[in-house]
Amino acid sequence: MSVLTRDEAQTRARLLDVQRYEIELDLTTGEETFDSQTVIHFTARAAGDTFVEVKPATLRSVSLDGQPLDPAALVGNRLALTGLAEGPHELRVEAEMTYSHTGEGLHRFTDPVDGETYTYTQLFMEDVQRVFAAFDQPDLKAAFDLTVTAPEGWTVLANGITEQQGDGRWKAATTPLLSTYFVALAAGPWHSVTTEHAGLPFGLHCRRSLAPYLDADAEELFEITRQCFDRYHEKFDEPYPFDSYDQAFVPEFNAGAMENPGLVTFRDEFIYRSAVTDTERQTRAMVVAHEMAHMWFGDLVTLRWWDDIWLNESFAEYMGYQTLTEATRFTDTWVDFGIVRKAWGYDADQRPSTHPVAPDPAAVPDTASAMLNFDGISYAKGASALRQLVTWLGEKDFLAGINTHFKRHKFGNATLADFIDNLASATDRDVHAWADKWLRTTGVDTLTSVVGEDGGSWTLAVEQDGDRPHRIAVGAYDTDPARPGQLVLRERFETDVPGAEPVTRTGARPALVLLNDGDFSYAKVRLDAESWQTALRSLSGLPDPSPSSQLRSSRGGPIARAVVWNAARDMVRDGQLPPAAYLEAARAHLPHESDLAIVQGVLTFARGQVADRYLADGARPAALALLGELTRDLIRRTEDGDNPGLRLTAVRHFIDCAAQPHTIQEWLADGSVPGGPELDPELRWRVLYRLAVLGATSGAEIAAELARDPSATGEEGAARCRAALPDAPAKAAAWAAMFEGDALSNYLFTATAQGFWQPEQADLVREYVTRFYVDAVPLAARRGPAIAEAAGRYAFPDFAVDAETVALGEECLSRDDLLPALRRKLTDQVDDLRRALAVRNA
């Protein structure tokens, strides 16, 4: 299959003006394939040659202006259209297409609970070609007319309002001008909850087997949707540009969600079958806010080429967190961003695969290279840059600039240059120079505080590794003489980095001087020695700031503690803080931490990175024991039931850290943790998974649990548990399922891969380390980018922190036949192994 290059797209965009698509899909032709008929109305601006893309099982017929073309002329995914005359044309394509089971194209899923089947599209980048023929590039926008024939009892959802026409036929309202990758379809016997807001129909949709769980959360989801919708209309001059707003929660979805205009698709894990924390509800709400922001930035105004994908994702990421904070009950969203998402950006920006937020166009020559940029840089770093821009520019001018952007380019396409020009039109500040420093460069700046004291005053100088301009807040904290271990905020002031002179403040030097208090910039922070010792002693006593400064969280929050925890995390990764010291800090301070996002983030890093990778193998049992003691303390602390989210988090991590099976076996047998919570399906599978790792369960017990929970999630849990069993036949069966056959869907592949590698089973799986590099390459070539990404992410032997595994990875990366998606994941994984080795050696 040929990938589209930037040059080819520019040439085709100069030649063609595409007006309209008429698409007819028949989903009643069988379980493996469906029928696709497409009519494309377009105009050639001049005589010339071009091509249309399609990836059929069988190309049945093609005609151009009523004249047949030879279907055998299809080469890969391209059908040449030669000798086009200047003027209007009509292209007709009839094909048999293949359903997907990897989350690409038209994905088909049968629910094991009730046997009902569902289909939905994910057409991003170049997967529209798996569903219908198209001039597949973002700057050839057109109107779309979609008609679908579906089985009796199904409902068909699309970008616009759909109407049932009899005989299983559904017709969707004609769309405004859209890029091809935004066309959306979700067909099946959906359970739907509907309402109306601002004169528009709003809908929530899920599988029938999830109906009770959607019904329980429908009002919460609608409330978040309404609040964000109204807040965006306060911010943006352009009204919501589509005729309805449906949110469909679909099975085996590869991303968190997809911003299809009028029909946003979400992974249906967001329909909670089991207890979740309020932070997880906040995450779901943020995804709702993020996808809605795309209706303007991405859908109404779309990138011209994929080098500007950050414009879509960075904007939606920033606006999602900010709007959620302003408009909903979730007022501390930036804490979660700082402790989770920002860390994702920092990690990505320090790997060999890093790239600028806005990469040079030459670095994104085709769609395959563009796909690699959907990472922590385009999302988290880009959002951090926009947050710093708002801090530097002021929200009023920022919103004026983006409203100008919407007005000038609505239903069209735009570039980075357009965006910066539109921002510059609203301010006297040099936005172009800011963009060059922040968007065109790679890496993370490091800001280090140098604190001096002279009589009745103290001074602060900031040493900077990097040259981006930063507008930051500095927090000066004193120890509280009345409360040991507690700190009080003396003052909080703003400063620019780099600055011409050190800042001088009156009074004795504070016990803690915290750079980037409020977390409004994107930089690693290093404290002076005295401040760092104060932080280690009193981190949990750092108060929630509520300053009157412009640089503040909208409604306060424990953001200062998140900044310190991130500094500690960065120091561990850079070999400047012993991993054991991080664990001791967690042991000392998490029992007193009030913010759940911080507790979850610190425990996840402590277990997944510190214990499993950064500590030498011999030190891991002690680390798990420490984390077990810590989580047990948190369980005791929450016995009164006042903080169920913290208790649930502690129970989950206690299970994950269990070195002996007895306690969690008793929980499983009793169906409950003493004092609560009851073991719902998520916790039961979590316990069984840990028991499988420890060799304290069997295939028969896994089968019995699957009979108890025969859902799709249950099937994934069973696959994960079977792969985790510590015996050779179980490992051989799991490996064969992943790498020797193609029966596993994307989710079952991931679950099997997650269970396979276990640090406790290093000797048992050692032979598979070498086999991974041999088997992953043909698997990726055979099954495509989604499975390639899953293999590189989940099936990689990341437990094997040794020079031999690094050398094997480097040898594999020297091959010239790696699928780009696999190459990118292996590049990152091998670099993470190098870092873990360096931390161990340090």
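**Note on a pocket and a sheet**

1. Helix H16 gives the largest share of the lining of the second largest pocket, namely four residues. Keep in mind that this is a predicted model.

2. Now the pocket as a whole. The second largest pocket has a volume of about 440 Å³. Its lining is made up of 26 residues. Nearest its centre lie Thr277, Asp278, Thr279, Leu596 and Gly645.

3. Which elements give two or more residues to this lining? They are helix H3 (278–294), helix H14 (596–614) and helix H16 (644–657).

4. Nine of the residues are nonpolar. Ten are polar, and seven are charged.

5. Turn to the sheet. Four strands form an open sheet, and their order is S8-S9-S14-S11. The pairing is antiparallel. Strands of a sheet pair through backbone hydrogen bonds, either parallel or antiparallel.

6. Why is one side of S8 and of S11 left without a neighbour in the sheet? Strand S8 (105–110) and strand S11 (155–158) stand at the edges, and each has a single partner strand, so one side of each has no neighbour there. From one strand to the next, the twist averages 10°.

7. Look at one pair in detail. Strand S9 covers residues 117–122 and runs antiparallel to S8. Six bridges join the two strands.

Notes:
Residues are numbered from 1 along each chain as its sequence is written. This is a predicted model: local features need pLDDT of at least 70, side-chain atom pairs count only at pLDDT 80 or more; totals for chains, interfaces and linings use all residues. Side-chain values use heavy atoms; hydrogens and water are left out. Two strands pair if DSSP finds at least two bridges between them. Axes are lines fitted to C-alpha atoms, for helices over the stretch in contact, and angles run from 0 to 180 degrees between N-to-C directions. On a 1 Å grid over the protein atoms alone, a cavity is a set of points where a 1.4 Å probe fits but cannot get out, and a pocket is an open set with protein on both sides within 12 Å along at least five of seven lines; lining residues have an atom within 4 Å of a point. Grid points are joined across faces, edges and corners, and a volume is the space filled by probe spheres set on the points. Ala, Val, Leu, Ile, Met, Phe, Trp, Tyr, Cys and Pro count as nonpolar, Asp, Glu, Lys and Arg as charged, and the others, Gly among them, as polar.
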